[in-house]
Amino acid sequence: MALASFLTRTGAVLALCLISSAALAAGDIGGATMGAAWALPFAGMLLSIALGPVLFPHFWELNYGKFAAFWSVLVLAPLVLSRGFDPALGALLHMGLLDYIPFIILLFALFTIAGGILIMGNLHGTPATNTVLLAIGTLMASFVGTTGASIIMIRPILRANDARRRNVHVVVFFIFLVSNIGGSLTPLGDPPLFLGFLRGVSFFWTTTHLLPETGFAVIVLLALFYGLDSWFYRKEDGLPPLKDPTPDRDIKLYGKVNIALLGGVILAILMSASWKPGVAFTVHGIAVEWQNLARDVILLALAGLSLKLTPGPVRAGNEFSWGPIKEVAKLFAGIFICIIPVLAMLQAGRNGAFAPLVALVTNPDGSANNAAYFWLAGGLSSFLDNAPTYLVFFELAGGDPQKLMTTGALTLTAISAGAVFMGANSYIGNAPNFMVYAIAKDRKVAMPSFFGYMLWSGAILIPLFLVQTLIFFR
């Protein structure tokens with residue numbers, strides 16, 4: 001009882017420090033009256049995700065759900081105490097029903113279906129072969145997601161190069177292209193873009209507006225890779241060949257039914273964007289539109305079909321397990337809860353606690369500083385999860401999808417490109433990065449350390465992004 005009384009008093013004091021005592025309607029948590037301290041749990045959540053797997057990996061693996069719950073409670077408890085139960089519940093349901101649940105369902109569907117596609121066999125890892133494999137994986141990423149493309153393509157490209165003395169650069173460029181930049185052309189490609197789709201950004205807007213930036217980056221990186229790989233390949237001429245643990249053999253594709261199911265995922269997303277029956281059901285004032293509910297049910301059904309129709313050995317060949325998607329679901333539950341007050345403060349614009357950040361991305365004449373949007377969204381996405389980073393800057397830019405797709409198109413392009421492209425700057429910038437690192441290391445590739453990888457990205461990607469800034473975002 002004494003502990004409960006202490007916690008109650010502490011929460012009340014914290015609430016008084018953070019907000020005014022004005023009465024609020026259900027779902028309105030008054031972002032303009034919130035102090036910057038409300039953002040601390042969000043920062044703590046993201047830093048935990050960024051540093052936990054690096055500093056204490058075993059402890060993190062066992063307790064990541066507890067971290068998410070801890071930071072979530074630090075948001076929800078003061079929110080209920082200060083704003084009232086109804087506004088807090090309304091804000092939580094709004095985030096859960098309209099953002100979190102559709103987001104997780106899509107990731108679950110793509111993870112399940114892509115995990116049922118297995119490429120067996122082996123090619124000889126010549127520079128031309130490697131470049132073609134990277135190009136295929138890069139294109140694939142926009143349709144099966146960066147995680148799905150990484151799962152499907154990383155093992156074939158590792159097998160193709162396991163008899164080469166120098167193969168680290170192959171995995172590094174794989175992370176650049178397949179695990180990050182390749183996912184920028186559709187909302188299926190990378191989580192931040194799907195969040196934009198859920199907020200009202202048209203499905204093909206991403207394709208048309210990010211195509212120049214993506215095409216430029218992909219062409220430059222593939223050309224650079226081909227030149228670097230050719231140089232390493234020539235250096236092995238005259239040296240005794242290494243024993244190839246996976247000799248060349250014909251490529252075979254298993255789990256073909258999942259390719260059709262991926263087509264179903266795309267159709268379901270397009271259906272939800274074009275079919276507007278004008279019907280919705282309401283939960284505590286939150287309207288869930290029928291087309292979005294239908295989309296989510298279809299995605300779950302497609303994932304179920306994948307599980308039923310894919311033979312067990314095919315999933316075993318991909319070393320498929322539910323661990324990664326469970327971790328994503330728990331961590332993103334924490335992220336989406338912790339971001340609630342942050343988004344409310346951003347919606348307040350110059351009247352909120354983030355007014356200095358608004359000024360930072362605004363030119364003296366009041367127009368958007370698109371270069372700042374590109375680098376700030378990208379800089380945070382380099383070390384923190386790019387999905388919530390995208391949401392932060394989406395709201396900072398006004399949060400109105402119709403305006404951002406038209407008069408603010410270059411700003412939204414800068415935010416989208418920064419969030420997706422610069423996830424490649426570190427191992428923790430995007431979820432597939434560390435997965436690819438772990439698989440490659442398990443296959444005896446001498447992968448660079450955390451900072452060693454950043455030397456690669458700093459030498460290759462940062463100059464590329466500077467050039468892109470000058471060409472596209474001035």
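**Close-up 1. Helices H4 and H10 run roughly parallel to each other in this predicted model.** Here we look at H4, residues 85–114, packing with H10, residues 290–309. As for handedness, H4 passes H10 in a left-handed crossing.

**Close-up 2. Here are the residues where H4 and H10 meet.** On the H4 side, the contact is made by Pro 102, Ile 105, Leu 106, Phe 108, Ala 109, Thr 112 and Ile 113. H10 answers with Arg 295, Asp 296, Leu 299, Leu 300, Leu 302, Ala 303, Ser 306 and Leu 307. Sort this contact by class and you get 11 nonpolar residues, two polar ones and two charged ones.

**Close-up 3. Now we zoom in on Ala 303, which belongs to helix H10.** Is Ala 303 buried or exposed? It's buried, with a relative accessible area of 0%; the cut-off for buried is under 20%. Leaving aside residues up to four places away in sequence, Ala 303 touches Phe 108, Ala 109, Thr 112 and Ile 113.

**Close-up 4. His 284 sits in the loop between strands E3 and E4.** Strand E3 covers 280–283 and strand E4 covers 286–289. Most residues other than glycine have a negative phi. His 284 isn't a glycine, yet its phi is positive, at about 55°. With a relative accessible area of 34%, His 284 is partly exposed.

**Close-up 5. Helix H18 takes in residues 431–442.** How far apart are the end C-alpha atoms of H18? They're 18 Å apart, which agrees with the 16 Å that its 12 residues should span at 1.5 Å a residue. The buried residues of H18 are Pro 432, Asn 433, Val 436, Tyr 437, Ile 439 and Ala 440. What do these buried residues pack against? Their partners are helix H5 (127–160) and helix H6 (168–177). Look just after H18 and you'll find Lys 444, with a positive phi of about 70°.

Notes. Residues are numbered from 1 along each chain as its sequence is written. This is a predicted model: local features need pLDDT of at least 70, side-chain atom pairs count only at pLDDT 80 or more; totals for chains, interfaces and linings use all residues. Side-chain values use heavy atoms; hydrogens and water are left out. Axes are lines fitted to C-alpha atoms, for helices over the stretch in contact, and angles run from 0 to 180 degrees between N-to-C directions. Helices (H or I, at least four residues) and strands (E, at least two) are DSSP runs, numbered from the N terminus. Angles under 35 degrees count as roughly parallel, over 145 as roughly antiparallel, 65 to 115 as roughly perpendicular and the rest as oblique. A crossing is left-handed if the near helix is turned anticlockwise from the far one by less than a right angle, and right-handed if clockwise. Contact means heavy atoms within 4.5 Å. Ala, Val, Leu, Ile, Met, Phe, Trp, Tyr, Cys and Pro count as nonpolar, Asp, Glu, Lys and Arg as charged, and the others, Gly among them, as polar. The expected span of a helix is 1.5 Å times one less than its number of residues. Buried means under 20% relative accessible area, exposed over 50%, partly exposed in between (1.4 Å probe, protein chains only).
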